[in-house]
Amino acid sequence: MTVTSGASSVPALSSAVVDRYLPRFRRLDAIRMGISSGARAPGLATVKGVFSYGGKPIRSLQDGAWVDAHGWLDLHRHRFPKPLGKRWLGSCDIPDLELFPRQYSAVRTVSFQAGFASDLGHLVVWSLAGLVRSGILRDMTAFARPLNRLSRWLEPITSDKGGMFVTLEGEGTRGEPLRINWNLIAEKNHGPHIPCGAAIALARKIGAGVALPKGAMPCMGLLTVEEFLEPLHDLAISEKLT
């Protein structure tokens, strides 16, 4: 029997991207990742989950040392490829932050940030996280329901485009500096369908009689990028390298 967790955008897809491009590197130094949503609001349980660590420490590997970032802080303006453009991102907690340094032992930096289609919405969340870190608020979860309701009201006037990036930095096979920036762009509010790709692809493998490793494990090394994305080929989702 195979039991796997993380059959989603992270770590199933994120690790598949790293594995696809790893042969191009003699040494992989850094893995930087991020996701920015489109207008379609997630469910309340998801919002409560991501708000639970707002303003609180998140351990991550930076330049070979384990340091603390803080949930939804470390505000950063990231440029996605067109038609997405610039989005605000903040630090978020995902399993990759601990899994990737074990899987890719030479790596010295692993980071993940996320953000929202609405600049105003992201800055509100950033402000609340700052109040938690300063001790003024205990946590952000009390704001999950009203902000989730507000985001649904604003869907018609918010961008329907979202994106994900995985940036790899290190030394190429000939000793040259190498940076690969992989992006996945979703339009027409199709971004929320992306995590489903892993479960569908795994179900197809099982149905085809493919033997999966036995035991419990994170969903890493079980799918290629192509296998993950194939069930989504009819959606407005595309890969871009920059």
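**Cysteines, arginines and salt bridges in a predicted model**

Let me start with Cys219, which is buried, with a relative accessible area of 2%, where buried means under 20% relative accessible area, exposed means over 50% and partly exposed lies in between, for a 1.4 Å probe and protein chains only. What you see is a predicted model, in which local features need pLDDT of at least 70 and side-chain atom pairs count only at pLDDT 80 or more, while totals for chains, interfaces and linings use all residues. Residues are numbered from 1 along each chain as its sequence is written, and side-chain values use heavy atoms, with hydrogens and water left out.

Staying with the cysteines, how many disulfides does the structure hold? There are zero, a disulfide being a pair of cysteine sulfur atoms within 2.5 Å. The sulfur of Cys219 has its closest cysteine sulfur in Cys196, at 13 Å, which is too far for a bond. Cys92 is also buried, at 4% relative accessible area, and its sulfur lies 20 Å from the closest cysteine sulfur, again in Cys196, so a bond is ruled out by distance.

Next comes helix 1, residues 9-21; helices here are DSSP runs of H or I with at least four residues, strands are runs of E with at least two, and both are numbered from the N terminus. Its 13 residues reach 17 Å from first C-alpha to last, close to the 18 Å expected, the expected span being 1.5 Å times one less than the number of residues. Helix 1 is mostly covered, with eleven of its 13 residues buried, among them Val10, Leu13, Val17 and Tyr21.

Turning to charge, side chains of opposite charge can pair when their charged atoms come close. The structure holds 14 salt bridges, each a side-chain nitrogen of Lys or Arg within 4 Å of a carboxyl oxygen of Asp or Glu. Arg26, Arg27, Asp29 and Glu171 are linked in a network of them, and within it the side chains of Arg27 and Asp29 meet at 2.6 Å, N to O. Arg27 is partly exposed at 37% relative accessibility, as is Asp29 at 21%.

Arg26, in strand 2 (residues 25-36), counts as exposed at 53%. Its side chain reaches the backbone oxygen of Thr173 at 2.9 Å, which I take as a polar contact, meaning N or O atoms within 3.5 Å, where within protein one must be able to donate a hydrogen and the other to accept it, and residues adjacent in sequence count only if both atoms are side-chain atoms.

The Arg87 side chain does reach two backbone oxygens, that of Ser37 at 3.0 Å and that of Lys161 at 2.8 Å. Leaving out residues up to four places away in sequence, Arg87 touches residues including His76, Arg77, Phe80 and Phe116, contact meaning heavy atoms within 4.5 Å.

Asp119 itself forms a salt bridge with Arg77, at 3.3 Å between the closest N and O atoms. That pair links distant parts of the chain, Asp119 in helix 4 (residues 119-133) and Arg77 in strand 5 (residues 76-79), 42 residues apart.
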